[in-house]
Amino acid sequence: MSNVHELTFLKEKIQELKDQGVYRNLPVLETASEAEVILNGKKVINLSSNNYLGFANHPRLKKASIEAVEKYGAGAGAVRTIIGNMKIHEDLETILAKFKREEAAFMYQSGFNCNAGTIQAVTEAGDIIISDELNHASIIDGSRLSKADRGIYKHSDMDSLEEVLKKNRDKYKNILIITDGVFSMDGDIAKLPEIVELAEKYGAMTYVDDAHGSGVLGESGRGTVDHFKLHGRVDFSIGTLSKAIGVIGGYVAGSQTMYEWLSHRARPVLFSTTMTPASAGAIIEAITMLMESTEYTDRLWDNANYFKEKLGKLGFNTGHSETPITPVIIGDEAKTMEFSKKLMDKGVFVSGIVFPTVPKGTGRLRCMVTAAHTKDQLDEAVRIFELVGKEMGIL
Ligand SMILES: *Cc1c(COP(=O)(O)O)cnc(C)c1O
């Protein structure tokens with residue numbers, strides 16, 4: 001009999017990954033997350049991080065982090081409900097609520113935790129969660145943790161959403177419509193004004209996950225709700241602190257009632273230790289910087305528009321993105337991965353994204369331009385894209 005500790009069943013699954021050609025090693029970053037990095041020992045232009053504003057290695061954030069460590073230490077010591085709720089965490093929530101122009105903001109250790117905790121806490125048996133088919137994995141997982149039923153509507157299709165609402169309105173107590181604010185693989189923005197109208201027509205609540213809208217859309221990066229001027233009409237406005245804000249964590253902004261309930265029922269907060277003081281300190285500094293000036297978001301959009309326009313002029317298909325997320329759609333899966341490898345060989349890192357993350361035949365290089373890129377770096381990246389595009393017969 002084989003030894004149970006050999007995990008033979010996993011070894012077999014790993015072999016299957018290798019046979020399918022999808023096995024990979026995790027890339028190793030040997031520098032801070034910057035516009036130019038050393039990845040797997042090679043110096044490359046980084047077009048793959050979510051560090052939209054260049055905050056991840058910003059001197060002001062690092063200084064604030066160090067000060068927080070000096071005052072509060074390396075760890076929070078407990079969950080918030082016992083004795084891990086430090087003054088710095090309260091300060092963080094206060095500034096987040098102010099920034100988001102909402103009554104309150106409730107923080108989690110990550111954006112993933114925020115979805116895992118909030119959705120199940122605000123829904124129950126007898127309710128239904130209605131989700132855009134392209135919503136993020138953490139929304140799907142969060143919904144699975146809820147005892148509510150689930151419905152799906154076609155991506156950004158308002159007729160489809162209304163159909164699901166009509167069919168279910170009378171069968172359920174509460175309805176929660178959930179959408180990403182910005183869809184991460186294509187960079188398109190949710191049709192939030194229409195979603196909110198429909199929600200109000202059918203008496204449903206709305207929940208927007210703005211992981212890719214926070215720090216990007218709206219005044220100084222206040223997000224999709226601010227972008228569409230829908231304050232007060234979206235019940236749960238989720239943001240991540242790990243993408244544009246450059247640190248780690250997540251939060252949901254909304255009413256004081258929401259805050260009170262979550263502080264009693266959000267399981268990732270009840271059963272997992274609070275965010276480190278260092279992270280909280282850095283995030284407070286980041287939000288302060290955004291409230292002081294639009295300089296960071298302006299530079300992000302300027303760089304993104306510059307890069308997108310140059311790639312488009314060369315003849316690449318950059319899809320229908322409305323945000324700095326810039327997909328270069330190649331189509332064929334193998335070709336996409338080959339393109340990514342050739343870019344890396346020539347000094348540009350862009351990860352290839354293929355099925356099952358995106359539909360079959362829509363393989364793409366997903367370029368993430370940041371405020372930290374210089375025009376020279378972007379020009380160099382475009383030059384290398386052109387070179388590889390011609391070499392592979394795509395241009
Ligand atoms: C990245 C992402 C998350 C997870 O955020 P983390 O802070 O990295 O855990 C949640 N929702 C969406 C839509 C995301 O893109």
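Helices (H or I, at least four residues) and strands (E, at least two) are DSSP runs, numbered from the N terminus. By that numbering, P356 sits in the loop between β12 (352–353) and β13 (363–368). The model is predicted: local features need pLDDT of at least 70, side-chain atom pairs count only at pLDDT 80 or more, and totals for chains, interfaces and linings use all residues. Residues are numbered from 1 along each chain as its sequence is written, and side-chain values use heavy atoms, with hydrogens and water left out.

**Backbone**

- Most residues other than glycine have a negative phi, and most peptide bonds are trans.
- The peptide bond from F355 to P356 is cis, with omega near 10°.
- N40, in the loop between β1 (36–39) and β2 (42–46), has a positive phi near 50° although it is not a glycine.

**Ligand surroundings**

- Around the ligand are 14 residues, of which G111, D209, T240, S242 and K243 come nearest; a residue is near a molecule if one of its heavy atoms lies within 4 Å of it.
- The side chain of D209 has an N or O atom 2.6 Å from a nitrogen atom of the ligand.
- For H136, the distance from a side-chain N or O atom to a nitrogen atom of the ligand is 3.3 Å.
- T240 places a polar side-chain atom 2.7 Å from an oxygen atom of the ligand.

- Two packed helices are described by the angle between their axes and the distance between the axes.
- Axes are lines fitted to C-alpha atoms, for helices over the stretch in contact, and angles run from 0 to 180 degrees between N-to-C directions.
- Helix α7 (residues 158–168) packs against helix α8 (residues 192–201) at an angle of about 20°, the axes being 11 Å apart.
- α7 and α8 are therefore roughly parallel to each other (angles under 35 degrees count as roughly parallel).
- M158, L161, E162 and L165 of α7 make the contact with E194, I195, L198 and K201 of α8 (contact means heavy atoms within 4.5 Å).
- These contact residues divide into 5 nonpolar, no polar and 3 charged.

**Helices α13 and α15**

- Helix α13 (residues 295–314) and helix α15 (residues 375–391) cross at roughly 20°, and their axes come within 10 Å.
- That makes α13 roughly parallel to α15.
- Residues making the contact include Y306, F307 and L311 of α13 and L378, V382 and F385 of α15.
- The residues of this contact divide into 8 nonpolar, 1 polar and 5 charged.

Technical notes: Angles under 35 degrees count as roughly parallel, over 145 as roughly antiparallel, 65 to 115 as roughly perpendicular and the rest as oblique. Ala, Val, Leu, Ile, Met, Phe, Trp, Tyr, Cys and Pro count as nonpolar, Asp, Glu, Lys and Arg as charged, and the others, Gly among them, as polar. A polar contact is a pair of N or O atoms within 3.5 Å; within protein, one must be able to donate a hydrogen and the other to accept it, and residues adjacent in sequence count only if both atoms are side-chain atoms.
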